[in-house]
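The sequence and structure come next.

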Amino acid sequence: MADPLAGAVRGYLDHLAVERGLAANTLSSYRRDLRRYLAFLDAAGVTDLDAVTEATVTDFLAALRTGDADHPPLGASSAARTVVAVRGFHRFAVGDGLTEVDPAGAVKPPAPAKRLPKALGLSDVEALLEAAGGPEDGPLALRDRALLELLYGTGARISEAVGLDVDDVSTGDRDPEDAVVLLRGKGGKERLVPVGRFARDAVDAYLVRGRADLVGSGRGGAALFLNSRGGRLSRQSAWAVLSRAAERAGLAQGVSPHTLRHSFATHLLDGGADVRVVQELLGHASVTTTQVYTLVTVDNLREVFATAHPRARA
């Protein structure tokens, strides 16, 4: 292993420890990543900093992703961490006057794989909603059921739901087809979303038999969803409502208000809805954001095909 390069790496690690004050575990990770980088340079016959080019660093990144006899292939996040260490080392070398050119500055760490939104199956959604309460329950159970039905029935963000006032919801007294909710999304952008029968009935039941009991002397004002003291329900309390229902329904951990939003979008697309319609319902500024849900649907289609088609498997 080339001594000048190893010495430069030692200087960089000392800099991280003394001047940057990095934690011992972080330093250990940097040391391990840079040791692998030095081994790569040594195998490539690179003996000093001035001989390292952008292509050298790019080849190292490729080697991280493909692996070798001594190292398994690294995923995008692990490879990105190693590239960050290499970029920091070369930036330090230029700043410390060890070389004039930074060959790693233009090498971008690999982007992590796009994580697909988690969506519940329809049976799990139904179990979750049933666990929130029914029409014969008390005011808090009626509120909880109305909240969760509205979250799943409209794809609303949790902040949009708890920000609703009573007048923002029209349950279609004269014509159920006219039932809509006015949601205020990011940047104050407003959108009207239809309210289906189950959400409409749950909100009606809460308004008629639940909300009046919660108003009391509280200061919730026109808020649709109230807490037990009569104030506007907070995001944290709404999250707790969902968590309790998920636990009662026996669902795995990790169910969040956004899970219902993901489920709303995925189930619409599975049912044949156009992605641009789903974009409008979700309040996404760009259809590109919505298209991630089509990946979930493709996965569902692939799974169904693999299990149902007689010639899908060897």
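## Terms and model

A polar contact is a pair of N or O atoms within 3.5 Å; within protein, one must be able to donate a hydrogen and the other to accept it, and residues adjacent in sequence count only if both atoms are side-chain atoms. The model is predicted: local features need pLDDT of at least 70, side-chain atom pairs count only at pLDDT 80 or more, and totals for chains, interfaces and linings use all residues. Residues are numbered from 1 along each chain as its sequence is written, and side-chain values use heavy atoms, with hydrogens and water left out.

## Overall make-up

The protein has 14 helices and three strands; helices (H or I, at least four residues) and strands (E, at least two) are DSSP runs numbered from the N terminus. Of its 314 residues, 43% are buried, where buried means under 20% relative accessible area, exposed over 50%, and partly exposed in between (1.4 Å probe, protein chains only). Among contacts (heavy atoms within 4.5 Å) with a separation of 6 or more, 58% are between residues 24 or more positions apart.

## D168

D168 sits in the loop between α7 (158–162) and β1 (169–170), and is buried because its relative accessible area is 8%. A polar atom of the D168 side chain lies 2.8 Å from the backbone nitrogen of D165. The side chains of D168 and R184 are joined by a polar contact of 2.8 Å. Neighbours within four places in sequence aside, D168 is in contact with G163, V180, V181, L182 and R184.

## T154

T154 belongs to helix α6 and is buried, with a relative accessible area of 0%. A polar atom of its side chain is 2.6 Å from the backbone oxygen of L150. The backbone nitrogen of A156 lies 3.3 Å from a polar atom of the T154 side chain. Leaving aside neighbours within four places in sequence, T154 is in contact with V181, L183, V193, P194, V195, F264 and L281.

## Nonpolar cores

In soluble globular proteins, nonpolar side chains tend to be buried together. A nonpolar core here is a set of buried Ala, Val, Leu, Ile, Met, Phe, Trp, Tyr and Cys residues joined through side-chain atoms within 4.5 Å. The largest has 53 residues, of which L128, L147 and L148 touch the most other members. Its largest share, seven residues, comes from α6.

Residues up to four places away in sequence not counted, L148 touches L128, L129, A132, V241, L242, A245 and L260. Another core, of 30 residues, lies apart from the largest one and includes V52, L61, A79 and F92.

## The largest pocket

A pocket is an open set of points on a 1 Å grid over the protein atoms alone, where a 1.4 Å probe fits, with protein on both sides within 12 Å along at least five of seven lines; lining residues have an atom within 4 Å of a point. The largest pocket holds about 400 Å³ of space, a volume being the space filled by probe spheres set on the points, which are joined across faces, edges and corners.

Its lining has 19 residues, with E149, Y152, G153, F198 and A199 nearest the centre. At least two lining residues each come from α5 (122–132), α6 (139–154), β3 (190–194), α8 (197–209) and α11 (257–270), and α5 gives the most, five. Eleven lining residues are nonpolar, three polar and five charged; Ala, Val, Leu, Ile, Met, Phe, Trp, Tyr, Cys and Pro count as nonpolar, Asp, Glu, Lys and Arg as charged, and the others, Gly among them, as polar.
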